[in-house]
Amino acid sequence: MDTVKTGVAIVGYGGMGGWHVKKLSTMEEGEICGIYDILPLRRKAAQQEGLHAYDTLGELFADPGVEVVTLAVPNDCHKDLAIAAMRAGKNVVCEKPVALSSVELQEIFDVSEETGMLFTVHQNRRWDEDYLTLKKIYENGTLGRVFSIESRVQGSRGIPGDWRNTKEHGGGMVLDWGVHLLDQILMMIREPIESVFAQLTYVTNEAVDDGFKILLRFAPKEGEEEGLCVHVEVGTSNFISLPRWYILGENGSAVIDNWKVDGKIVMVSDWEKRDAVPVVTAAGLTKTMAPRTSETVKEYPLPVVHSDVREFYRNVFKAIRGEEESLIKHEEVMRVMRLMEAVFQSAYTNQAVKLRI
Ligand code: NAD
């Protein structure tokens, strides 16, 4: 039986527009109808690569072959284009962050509801293998009760000097990377968040944040007294990077160094054995911080999870035919948006924000 092909058009043919084209071109379930970019130069580039380029957005919306419109334009353009596409009878895949506020986001969801068109968000980092591996360690309970998770993404090139550098286009690292990292955490931890404390950095520019540190406190799990503490951090002036993930449980710790999923798990094998030989430092002595000997701990490899990010589009195509529920749910996207708003509030007031989401 021939596979049903879903027609997709991409609006915005920059970095991410190109990525969507590349991924879709490897999928037999999808067919790229063409692209539209506001810049003639980008339309020409697409044509030179053998793609169809629509001359206007109206032409793209009028193409009956287009069932899905993917929006890969700067963040401030998402809302108007998403609403226009849905009103033109198209399903929409929107790049993250969808909107610059929860009010704008709700407007988009309302139009999806009203028109019956699917509106979903490209939260592709739910398929990152480092994240899926960490999630497996957390969900397996391998480490015993987990009390701390640290998630970091660090580079040293500053914030890109394009629209990401400006507030009016929805720039800044909270909206750019925070939206991914917070979404990952919220998809993994089922308890509600009780408080958030955040600090933003402005090392390479003044207009938008070029990094952040966010501390989340979750409600305790049933039967437990203390909730999980999660640290989420992005830096763009880090010439030495810390590991991508660091997770602590009562019986062990795990580290995931990078996106290639290098790292290890270290578990206690004998709590009772008193093997601590005091460490003598230049100015003192400590038994508490003495490293463990190999007799009381055991090292394990990471349970690496592999993934295929094309599952995202496969789900979109099935969801528009009513064969599957959309994997990225509106309430999940809204929860992350509300959390980002609390992050800004905390950073601007230098206070922890209490909330329950
Ligand atoms: P980019 O600047 O490389 O490309 C944006 C393109 O949109 C440009 O070619 C520009 O000419 C075009 N454009 C601007 N306004 C337009 C309009 N009104 N109509 C049509 N075209 C328009 O930016 P990018 O890095 O590709 O980012 C685009 C979107 O993708 C952003 O929302 C960004 O946050 C997101 N993004 C997502 C990921 C991810 O992993 N999910 C990664 C990078 C970027």
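**Close-up 1. Leu39 sits in the loop between strand 2 (30–36) and helix 2 (40–48).** Helices (H or I, at least four residues) and strands (E, at least two) are DSSP runs, numbered from the N terminus. The model is predicted: local features need pLDDT of at least 70, side-chain atom pairs count only at pLDDT 80 or more, and totals for chains, interfaces and linings use all residues. Residues are numbered from 1 along each chain as its sequence is written, and side-chain values use heavy atoms, with hydrogens and water left out. Leu39 has a relative accessible area of 47%. That makes Leu39 partly exposed (between buried, under 20%, and exposed, over 50%; 1.4 Å probe, protein chains only).

**Close-up 2. The largest cavity has a volume of about 80 Å³.** A cavity is a set of points on a 1 Å grid over the protein atoms alone where a 1.4 Å probe fits but cannot get out; lining residues have an atom within 4 Å of a point. The volume is the space filled by probe spheres set on the points. The lining includes Tyr138, Arg145, Phe218 and Gly227. By type, the lining residues are six nonpolar, one polar and five charged (Ala, Val, Leu, Ile, Met, Phe, Trp, Tyr, Cys and Pro count as nonpolar, Asp, Glu, Lys and Arg as charged, the others as polar).

**Close-up 3. The second largest cavity has a volume of about 50 Å³.** Helix 9 (residues 330–349) gives the largest share of its lining, four residues. Among the lining residues are Lys96, Gln123, Val333 and Met340. The lining divides into 10 nonpolar, one polar and one charged.

Notes. 1 Å grid on protein atoms, 1.4 Å probe; cavity = no way out; pocket = protein on both sides within 12 Å on 5 of 7 lines; lining within 4 Å.
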